[in-house]
Amino acid sequence: MTASHILLLIGGYFAILLLISYFTGKNDSNEDFFKAGKQSPWYLVAFGMVGASLSGVTFISVPGWVDASQFSYMQVVLGYLVGYFVTAYVLLPIYYKKNVTSIYEYLDERFGFVSYKVGAISFFVSRVLGAAFRLFLVAIVLQQFVFDAWNVPFEITVTISILLIWIYTFKGGIKTIVWTDTLQTLFMLISVGLSIYFILESLDWSFADFLSSNELSTYSKTFFTDDLFAKNHLLKSFLGGMFVTICMTGLDQDMMQKNLTCRNLKDAQKNMVSFSFVLVLVTFVFMLLGALLFIYAKENQIGLPLMDGQPKTDLLFPEIALNSGLGMTVAVTFMLGLIAAAYSSADSALTSLTTSFCVDFLGTGKKTEQEAKKIRRRTHIGMSVLLIVVVISFKYVLDRNVIDGLLTVASYTYGPLLGLFAFGIFTKHQIKDGYTWVIALISVLVIIGLAKIPPDAIGGYQFGYELLPLNGLITFIGLWLIRKRPTSSPATQD
């Protein structure tokens with residue numbers, strides 16, 4: 001598949017997204033941009049959220065991670081499942097009862113102005129970095145397999161990618177994204193299914209042959225319980241995954257904004273529960289795909305692609321799909337799947353960043369519809385520029401597998417959110433609001449310090465995903481230390 005073919009495919013794909021945007025963005029109101037008029041069918045949101053949750057990171061980076069970590073990521077995913085139930089039955093009822101546009105408005109009502117801003121800033125930093133991770137992944141693939149052939153700089157590749165997202169989201173916002181995510185999820189799942197089918201066919205295997213093969217058994221160890229000190233121990237991964245989901249879904253404006261477009265709480269909960277089981281199954285299929293890719297590469301003597309002179313496992317899937325002779329069908333569906341996976345999370349991230357900045361920092365809820373619309377459009381442009389800058393910077397600073405890097409960043413930035421919401425929901429105390437930012441900063445610095453301790457200095461113990469709940473616990477303890485006397489009727493208990 002040539003660079004020209006790929007570019008034509010991308011052009012056709014975005015033409016479909018623009019058509020969807022035209023019909024869903026006709027109203028161009030703030031209510032539709034932020035909440036889709038609260039008219040989204042729950043099953044449509046649930047299906048679209050699969051693609052948004054998996055993203056380009058899962059599409060490429062999870063299969064590429066199998067060689068180094070086997071199926072240990074499934075330990076994290078099982079923790080995700082529990083986290084989704086906590087989100088559905090603890091957090092969603094609060095958001096619907098308060099009828100919030102930004103979920104961080106809850107912190108304003110519960111604690112005060114400073115806590116509200118700390119929560120909004122924590123999300124903002126987290127989502128900028130998370131969205132940039134995902135966009136970076138698709139940008140390096142486009143660069144490697146399309147734009148390098150034309151000597152187009154990486155910076156231009158990134159700018160074009162984000163410009164395309166801005167074009168189809170600037171009017172319809174979340175209303176457009178609910179529909180485009182559905183299409184993108186469909187493309188992504190078709191791509192994975194066809195890739196597995198054609199690779200198995202080339203190896204002369206049935207799916208049952210693959211599952212029972214000795215080759216798969218060398219990659220498929222799932223549960224690691226031997227060494228509690230190891231980073232991938234089952235308990236640490238499971239708990240870390242649970243809290244990652246609570247934070248990166250339940251306390252994240254991006255994911256919750258989609259849920260809040262459902263007609264009512266019951267629909268939103270049905271969406272969350274059904275989506276969680278589908279996500280576990282789909283992620284397992286991605287792990288199988290990863291093992292199959294490495295088996296195929298070994299069988300056909302395909303080396304890991306290089307990026308800046310270094311082997312890059314994230315590029316193995318595109319290398320096999322586009323350059324190993326599996327045929328045009330695999331190449332076309334791979335590119336559609338990659339683009340769909342990457343942009344299904346990136347477009348909603350851009351919209352949620354715009355929403356949060358408008359509501360939480362610029363106070364558009366207190367302005368007239370026309371004033372708020374002007375602010376929203378300018379902010380949408382500003383968020384696009386910010387993402388361009390951050391994604392480009394990753395090319396020069398990122399030195400690890402992208403999914404691992406994404407979860408590590410979450411450990412640092414989502415911890416204060418976890419502590420704030422937990423304290424608000426599970427205690428009756430008010431706090432000295434002006435000190436919240438100090439507690440949050442101390443907590444993040446402590447976690448960064450712990451993460452940098454060499455394992456040899458603490459008996460070989462390796463910190464992993466448990467840093468996130470630990471971060472939340474430190475924040476919770478800090479808030480306890482600055483608590484006031486409990487009020488008789490706290491905001492969270494009514």
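Me: What does the secondary structure of the protein come to?
Reply: Happy to start there: this predicted model has 20 helices and 2 strands.

Me: Why is I320 called buried?
Reply: The relative accessibility of I320 is 0%. Buried means under 20% relative accessible area, so I320 counts as buried. For orientation, I320 sits in helix α14, residues 316-323.

Me: Which residues is I320 in contact with, leaving aside neighbours within four places in sequence?
Reply: The partners are I199, L293, Y296, A297, I302 and L326. Each of these has heavy atoms within 4.5 Å of I320, which is what contact means here.

Me: How many of the residues count as buried across the protein?
Reply: Of its 494 residues, 60% do. As for the surface, the protein exposes about 19,100 Å², and carbon and sulfur atoms supply 64% of that.

Me: How do α4 and α11 cross?
Reply: The axes of α4 (residues 73-98) and α11 (residues 234-250) come within 7 Å, at roughly 35 degrees. The crossing is right-handed. Among the residues making the contact are Y80, V82 and Y84 of α4, along with F238, M242 and I246 of α11.

Me: What makes up the contact of α4 with α11, in nonpolar, polar and charged residues?
Reply: There are 13 nonpolar, 9 polar and no charged residues.

Me: What share of the contacts with a separation of 6 or more comes from residues 24 or more positions apart?
Reply: That share is 86% in this protein.

Terms used:
Residues are numbered from 1 along each chain as its sequence is written. This is a predicted model: local features need pLDDT of at least 70, side-chain atom pairs count only at pLDDT 80 or more; totals for chains, interfaces and linings use all residues. Side-chain values use heavy atoms; hydrogens and water are left out. Helices (H or I, at least four residues) and strands (E, at least two) are DSSP runs, numbered from the N terminus. Buried means under 20% relative accessible area, exposed over 50%, partly exposed in between (1.4 Å probe, protein chains only). Accessible areas come from the Shrake-Rupley method with a 1.4 Å probe; for residues, only the protein chains shown count as cover. Axes are lines fitted to C-alpha atoms, for helices over the stretch in contact, and angles run from 0 to 180 degrees between N-to-C directions. A crossing is left-handed if the near helix is turned anticlockwise from the far one by less than a right angle, and right-handed if clockwise. Ala, Val, Leu, Ile, Met, Phe, Trp, Tyr, Cys and Pro count as nonpolar, Asp, Glu, Lys and Arg as charged, and the others, Gly among them, as polar.
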